[in-house]
Number of protein chains: 2
Amino acid sequence: MGLIVKKFGGSSVGTTEKILNVAKRILAEKQPEDQIVMVVSAMGDTTDDLISLAKQIDEEPYRYEREMDMLLTTGEQVSIALLTMAFRSLGQKAISLTGAQAGMHTNSVHTKGKIVDIQPKRVVDELKAGNIVIVAGFQGADEFGDPVTLGRGGSDTSAVALAGALKADSCEIYTDVDGIYSADPRVEPDARRMKEITYDEMLEMARLGAGVMQPRSVEMGKHFNIPIHVRSTFTTKPGTFIREAYTMEEKDFVIRGVAHDEKVVKIAILGIPNNPGIAHQIFSTLASAHIVVDMIVQSIRNIEKNITDMVFTIAADDLVKARPIVDQVANNLNAIAVLVEDNVAKVSIVGVGMLGNPGIAARMFGALASADINIDVISTSEISISCLVKSSSIKQAVNAIHREFFPVKEQK
Amino acid sequence: MGLIVKKFGGSSVGTTEKILNVAKRILAEKQPEDQIVMVVSAMGDTTDDLISLAKQIDEEPYRYEREMDMLLTTGEQVSIALLTMAFRSLGQKAISLTGAQAGMHTNSVHTKGKIVDIQPKRVVDELKAGNIVIVAGFQGADEFGDPVTLGRGGSDTSAVALAGALKADSCEIYTDVDGIYSADPRVEPDARRMKEITYDEMLEMARLGAGVMQPRSVEMGKHFNIPIHVRSTFTTKPGTFIREAYTMEEKDFVIRGVAHDEKVVKIAILGIPNNPGIAHQIFSTLASAHIVVDMIVQSIRNIEKNITDMVFTIAADDLVKARPIVDQVANNLNAIAVLVEDNVAKVSIVGVGMLGNPGIAARMFGALASADINIDVISTSEISISCLVKSSSIKQAVNAIHREFFPVKEQK
């Protein structure tokens with residue numbers, strides 16, 4: 001017996017046929033005593049269709065953020081009604097609730113709202129009445145009762161937060177992959193599905209480029225200490241549990257995974273005075289433009305003249321915004337030049353196992369060296385090590401590192 | 001300066017282009033001091049599209065009434081968001097509100113709810129803030145906060161009730177005709193658009209077959225004493241005001257209009273004992289099956305044997321349900337026969353002017369006689385007279401009566 005929150009994304013409920021299949025699957029797996037809350041997204045392309053309607057009214061509809069939320073929250077309202085009908089047509093008591101009805105209180109930052117409080121009394125009451133409760137994901141209501149959407153990955157966040165507020169036994173995220181892999185399976189054919197990963201590792205993996213889970217939902221899971229089970233919509237086998245610490249012995253692997261990110265740009269400001277406050281001057285300017293700077297290396301160009309080079313990476317999407325700011329700062333500092341390289345990519349290893357395990361970095365660098373891959377920049381966090389390499393060699397880099405830490409078992 | 005509630009139906013907001021046109025029109029007509037509340041329906045075919053989605057889940061989706069309301073209320077939510085965006089893109093402050101947000105409290109009779117109370121505080125606040133307020137028609141929320149739709153003609157009822165609660169100066173119903181006519185213009189080419197009609201006359205016209213306004217919305221207007229202005233979406237000229245009493249001198253016409261109804265069936269139970277309680281026995285049985293009986297005539301077949309015939313009309317749609325009930329009652333009464341005639345139609349005149357104007361009925365009968373039309377059954381109410389005629393002569397009947405009461409002016 002358990003209280004389980006199950007989240008299904010838009011592709012899982014993309015057609016009425018899929019909606020019926022989801023309902024059948026849930027009923028097939030349900031134990032008699034289970035209490036089930038479903039959190040669902042809008043059907044397939046519904047959100048895009050609604051946005052294109054809005055664009056016919058005004059080319060920039062997101063200027064009307066409150067109205068976009070009024071518009072877009074209908075998408076989930078349609079899918080919760082249909083999924084509830086599907087359960088009822090199969091003889092299962094069920095009821096749909098909008099985000100607002102489920103007690104998802106948000107701030108008023110329309111189109112990218114944050115959950116500030118959850119009062120799930122109605123959900124609890126409906127569960128007690130024997131219902132499967134189907135809640136609209138991605139949405140809540142603010143203090144004025146206005147519908148607010150949660151922004152990217154919002155459905156995952158809704159589900160995990162609701163699971164937390166309900167003190168659920170677990171939160172299952174159904175997706176088009178069957179778990180979290182030790183590397184992107186499209187890049188690394190030998191990538192292994194992990195049985196478990198910690199919240200911190202998952203957050204670090206996401207930060208470093210692994211796309212399965214949105215960081216906010218993982219943070220929410222960590223905050224409420226709710227195990228998150230990432231699993232496939234299309235199979236019934238278990239996926240990956242994201243939780244506080246491992247419950248199983250998985251000592252074989254000192255790292256959890258290899259992440260990579262190709263949407264990276266390296267910027268070098270060359271020949272600037274190595275004075276106190278220089279780094280602050282550069283990076284505070286970028287920070288005030290909401291540009292996140294990732295890897296930072298300061299190297300000495302000329303020790304006698306006390307001249308240095310400042311090298312850092314940013315997300316490729318931020319380059320247009322960052323370039324004039326960097327040029328202005330470089331000019332102020334009488335820099336020799338600003339170099340921008342976009343043919344770079346970042347490969348990282350993540351794992352709590354590297355704490356107190358000093359040989360890990362050396363093994364990573366060695367794997368890259370054996371594959372004849374040059375390392376441009378290195379940065380480390382408590383549970384990760386990242387190397388910047390040429391983007392043309394990123395696949396080999398992932399493969400070489402993965403082989404080092406996850407040796408392929410002999411096939412008989 | 002005035003507070004005006006304007007209601008636009010689904011065909012008026014059927015496309016994004018039409019939505020933009022509605023917004024432009026409203027702004028062109030708006031006086032600077034006007035406060036405007038719009039009540040809008042779902043775009044064109046949206047409701048039908050949603051119903052067909054639901055039918056893909058279950059062939060009889062209306063079994064899940066609460067979920068149908070959850071589903072269908074999204075239709076208006078989309079149109080209010082888009083219309084609000086249209087106003088804002090034209091530089092006008094505007095805000096959308098769902099039925100629940102506008103304070104439309106309903107009972108819990110899902111898919112055919114009734115408004116039990118309106119608390120339009122949010123509407124008032126948003127008007128004060130300088131907004132045009134766009135409210136979702138056809139919907140409200142019950143005591144549990146669940147969305148409830150109002151059933152047929154619900155958007156008109158929403159608009160008039162909201163106008164009443166707001167103590168609006170008038171309620172304008174925009175539709176695809178430009179007002180209330182003295183007869184159906186498809187039948188009577190000389191039908192005149194009326195400048196005014198009373199609530200009671202409009203209710204009687206609707207009851208007797210005129211289809212423009214739903215009776216519930218007219219009752220609501222009468223209850224709140226809100227003038228209802230029925231006018232065209234496509235022109236700016238005034239239409240017809242429905243109000244308590246005439247404000248203009250329109251003494252020319254003693255009646256307001258000629259209504260007709262072709263969906264009528266005549267039933268005759270022949271040769272039954274003329275005892276006290278016979279009429280009660282017949283009509284209470286039909287009433288308990290929710291069949292409305294309209295014209296009733298009891299005539300003597302044989303005065304010596306005290307045997308009578310009972311003749312009455314019902315809506316053609318009710319015949320399938322009524323037939324076995326009538327046969328059973330006739331059998332119990334040892335009736336000679338039951339005759340059903342479906343080639344009949346009802347023509348009626350309506351007008352408060354006929355009160356204390358005894359010549360009106362004679363003029364109606366005379367007009368029919370001159371056109372060589374036989375009257376089968378006659379019935380009267382305080383402000384109407386109805387005649388049952390052969391359905392093949394209904395058009396001539398309407399024309400003859402209309403010509404009598406609304407003589408065509410000489411063309412020069």
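Author: One thing before the details: this is a predicted model. To begin with a pair of helices, H8(A) passes H9(A) in a right-handed crossing.

Reader: Which residues make the contact of H8(A) with H9(A)?
Author: On the H8(A) side they are Gln281(A), Ile282(A), Thr285(A) and Leu286(A), and on the H9(A) side Ala322(A), Ile325(A) and Val329(A). By class that contact of H8(A) with H9(A) has 5 nonpolar, 2 polar and no charged residues.

Reader: At what angle do H8(A) and H9(A) pack?
Author: The angle between helix H8 (residues 278-288) and helix H9 (residues 319-332) of chain A is about 155 degrees, and their axes are 10 Å apart. An angle over 145 degrees counts as roughly antiparallel, so H8(A) is roughly antiparallel to H9(A).

Reader: OK, on to the two chains. How many residues does each give to the contact?
Author: Chain A gives 27 residues and chain B gives 27 residues. On the side of chain A that touches chain B, the elements giving two or more residues are helix H1 (16-29), helix H2 (46-57) and helix H3 (65-89) of chain A.

Reader: Which of them gives the most?
Author: H3(A) does, with 14 residues. By class, the side of chain A that touches chain B has 15 nonpolar, 9 polar and 3 charged residues.

Reader: And how are the two copies related?
Author: Chain A superposes on chain B by a rotation of 179 degrees with 0.1 Å of shift along its axis, at an RMSD of 0.2 Å. That is the relation of a two-fold axis.

Reader: Which C-alpha of chain A is nearest the axis?
Author: That of Thr74(A), which is 2.8 Å from the axis. Both copies use the same surface, as 100% of the contact residues of chain A recur in chain B.

Reader: Back inside chain A. How do H1(A) and H3(A) cross, at what angle?
Author: They cross at roughly 55 degrees, and their axes come within 9 Å. H1(A) and H3(A) are therefore oblique to each other. The crossing of H1(A) past H3(A) is right-handed.

Reader: What residues meet between H1(A) and H3(A)?
Author: From H1(A), Thr16(A), Ile19(A), Leu20(A), Val22(A) and Ala23(A); from H3(A), Leu82(A), Leu83(A), Ala86(A) and Phe87(A). By class, the contact of H1(A) with H3(A) has 8 nonpolar, 1 polar and no charged residues.

Reader: How many bridges join S13 to S16 in chain A?
Author: There are 11 bridges between strand S13 (residues 257-273) and strand S16 (residues 337-350) of chain A, and the two run antiparallel. Val264(A) has Val344(A) in S16(A) as its bridge partner.

Reader: And S17(A) with S18(A), how many residues lie between them?
Author: They form a hairpin with 2 residues between them. Strand S17 (residues 377-381) and strand S18 (residues 384-390) of chain A are joined by 5 bridges and run antiparallel. Ile378(A) has Cys387(A) in S18(A) as its bridge partner.

Reader: Now chain B. What sheet can you show me there?
Author: In chain B, 8 strands form an open sheet in the order S3-S6-S2-S1-S9-S11-S12-S10, with mixed pairing. Strand S3 (94-97) and strand S10 (196-198) of chain B are at the edges with a single partner strand each, so one side of each is left without a neighbour in the sheet. The twist averages 20 degrees from one strand to the next.

Reader: In that sheet, do S2 and S6 of chain B run parallel or antiparallel?
Author: Parallel: 4 bridges join strand S2 (residues 35-40) to strand S6 (residues 132-136) of chain B. Val37(B) stands opposite Val133(B) in S6(B).

Methods. Residues numbered from 1 in each chain as written. Chains lettered and ligands numbered in written order. Predicted model: local features only at pLDDT ≥ 70, side-chain atom pairs only at ≥ 80, totals over all residues. Contact = placed C-beta atoms within 7 Å. Nonpolar A, V, L, I, M, F, W, Y, C, P; charged D, E, K, R; others polar. Axes fitted to C-alpha atoms, helices over the stretch in contact; angles between N-to-C directions. Parallel < 35°, antiparallel > 145°, perpendicular 65-115°, else oblique. Left-handed = near helix turned anticlockwise from the far one by under 90°. Least-squares fit on C-alpha atoms with pLDDT ≥ 70 in both. Pairing = 2+ DSSP bridges.
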